[in-house]
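Please look at the sequence and the model first, then read the points below.

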Amino acid sequence: MFDFSKNLKKLPPYLFAAIDDKKSLLRKKGVKFLDLSVGDPDIPAPENVVKVLSKSAKIKSNQKYASNKGKSQLRKSIKKWMKKRFKVNLDEESQILPVLGTKEALAHLPVGLINTGDYIITPSPGYPGYRAAGVLSGARVYQLPLLEKNNFLPDLEKIPESVKKRAKIIYLNYPNNPTTVSAPRSFMKKVVKFCLKNKILLVWDNAYSEIYYDKKPLSILQIKDAKKVALEFHSLSKTFCMTGFRIGWVCGNPDAVNILAKVKSNVDSGIFGAVQDAAITALDKNAAYVTNLRKIFNQRRKYLLEALKKAGFKKFYANSTFYVWAKLPAPFKSSLEFSRYLIEEEKIVATPGVGFGKYGEGFIRFALTVDKSKLKNIFKKKISDLDI
Ligand SMILES: Cc1ncc(COP(=O)(O)O)c(C=O)c1O
């Protein structure tokens with residue numbers, strides 16, 4: 001009786017929903033497998049965060065509708081955290097807005113900005129939520145290639161004039177999921193200039209800002225004039241392993257903050273107060289937790305890279321984030337075909353690169369979301385020995 005809207009029809013099943021279906025099928029068949037697909041680490045959230053959550057749930061005022069602006073104490077903690085981590089000064093009234101996880105905010109932003117015929121620009125490969133956000137808001141989507149030969153940074157010069165003229169938002173994400181690279185300051189300066197010139201809102205998704213191994217990633221708001229044109233997204237999901245809590249924030253350009261706040265005040269009723277209290281504890285009291293988290297991911301990364309080398313993978317990227325972006329080993333050409341091979345022959349679930357957009361083809365993404373002991377000898381067969 002009911003059918004999807006034209007916009008919804010344009011979207012394939014959400015990448016990870018499709019992978020979840022595959023995993024359910026394996027479970028039903030009783031097949032044991034190693035799940036390296038979704039970016040949801042096995043590590044528990046900080047203990048003090050969980051304690052506060054449970055205590056705060058009992059407070060009556062937290063059981064009522066929350067303010068859409070978020071608690072003032074939370075906005076203050078975010079302000080303090082941004083200042084300490086990036087030396088960025090923000091006004092907690094006009095330049096910070098807590099959100100129900102960044103996925104929600106990424107999707108609601110274009111609802112407040114897009115008119116018929118407008119474009120959003122999204123990276124390919126890139127987090128699938130950007131494209132979905134554009135399509136659901138009725139925008140035209142221009143896919144910006146992130147190519148290996150350009151170190152997975154986009155070439156902004158190649159965006160056609162017609163797209164630049166009608167583009168309202170460009171989504172960029174560094175440290176990057178899935179390619180793992182970080183953006184150098186020189187590129188960030190270039191993007192800010194480009195967005196100012198073309199009057200395009202720069203969404204800088206910094207969800208992985210704390211998962212690095214060498215150089216500390218920057219905030220776009222450290223770049224001169226960025227506050228005139230950029231909105232930065234942060235998530236407690238990855239930094240504090242709080243994926244289920246659903247909390248993050250946007251900060252930066254006050255007009256963009258205000259637009260998102262207006263959309264959200266019409267579609268949700270704030271974040272559960274106890275989750276906000278938990279987030280305050282995460283931000284104020286868990287610097288050591290994050291340092292340890294990086295250590296854990298770094299060890300896992302070493303184990304997995306070792307295993308990949310042994311299995312015959314020749315090229316991979318693991319610069320930041322908790323992913324490894326590996327070039328398909330010969331003789332494989334299709335990432336879907338390779339992920340099928342991994343499931344069937346190795347009982348490993350990984351994410352095919354093409355799931356992140358057509359320019360992700362030729363790669364596979366492994367998430368470092370299981371203990372290092374499970375990563376040591378994950379491949380039974382050497383790929384180069386295969387007779388395919
Ligand atoms: C690049 C990127 N942005 C945003 C998100 C969404 O995170 P959240 O849990 O805050 O909605 C993810 C989750 O995987 C991600 O990889």
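The second largest cavity holds about 30 Å³ of space. This is a predicted model.

**Cavities**

- The residues that line the second largest cavity are Trp 81, Ser 209, His 234, Ser 235, Leu 236, Thr 239, Phe 240 and Trp 249.
- Two elements, strand S7 (230-235) and helix H9, each give two or more residues to this lining.
- By class, the lining of the second largest cavity has four nonpolar and four polar residues, and no charged ones.
- In the whole structure, a search finds two cavities of 30 Å³ or more.
- The largest cavity has a volume of about 40 Å³.
- Lining the largest cavity are Ser 67, Asn 68, Gly 70, Pro 98, Val 99, Leu 100, Lys 264, Asp 268, Gly 270, Ile 271 and Gln 276.
- Four nonpolar, five polar and two charged residues make up the lining of the largest cavity.

- The ligand takes up the space of the second largest pocket.
- Helix H5 (102-108) and helix H9 (236-239) are the elements that give two or more residues to the shell around the ligand.
- There are 13 residues around the ligand, and those that come nearest are Thr 102, Asp 205, Ser 235, Ser 237 and Arg 246.
- By class, the shell around the ligand consists of three nonpolar, six polar and four charged residues.
- In the side chain of Thr 102, an N or O atom is 2.7 Å from an oxygen atom of the ligand.
- The side chain of Asp 205 has an N or O atom 2.6 Å from a nitrogen atom of the ligand.
- Tyr 208 places a polar side-chain atom 2.7 Å from an oxygen atom of the ligand.
- On its own the ligand has 400 Å² of accessible area, and the protein covers 92% of that.

**Largest pocket**

- The largest pocket contains about 690 Å³ of space.
- Its lining has 33 residues, and Pro 12, Pro 13, Leu 15, Pro 128 and Gly 355 are the closest to the centre of the pocket.
- Five elements are listed as giving two or more residues to this lining: helix H2 (15-28), H5, strand S3 (119-124), helix H6 (128-136) and helix H13 (335-346).
- H6 gives seven residues, the largest share of the lining of the largest pocket.
- The lining of the largest pocket divides by class into 22 nonpolar, seven polar and four charged residues.
- Helix H5 gives two or more residues to the shell around the ligand, and H5 also gives two or more residues to the lining of the largest pocket.

**Backbone features**

- Ser 124 and Pro 125 are joined by a cis peptide bond, with omega about 5 degrees.
- Pro 125 is placed in the loop between S3 and H6, and both S3 and H6 give residues to the lining of the largest pocket.
- A cis peptide bond, with omega about 10 degrees, also joins Ala 330 and Pro 331.
- The loop between strand S10 (323-327) and H13 is where Pro 331 is found.
- Phe 152 is a residue other than glycine with a positive phi, near 60 degrees.
- Phe 152 lies in the loop between strand S4 (140-145) and helix H7 (161-166).

Note on methods: Residues numbered from 1 in each chain as written. Predicted model: local features only at pLDDT ≥ 70, side-chain atom pairs only at ≥ 80, totals over all residues. Heavy atoms only, no water. Near = heavy atom within 4 Å. Polar contact = N/O pair within 3.5 Å; in protein donor to acceptor, adjacent residues only side chain to side chain. Areas by Shrake-Rupley, 256 points an atom, 1.4 Å probe, with all protein chains shown as cover. 1 Å grid on protein atoms, 1.4 Å probe; cavity = no way out; pocket = protein on both sides within 12 Å on 5 of 7 lines; lining within 4 Å. Sits in = over half its atoms within 2 Å of the grid points. Helix = DSSP H or I, 4+ residues; strand = E, 2+ residues; numbered from the N terminus. Nonpolar A, V, L, I, M, F, W, Y, C, P; charged D, E, K, R; others polar. Points joined across faces, edges and corners; volume = space filled by probe spheres on them.
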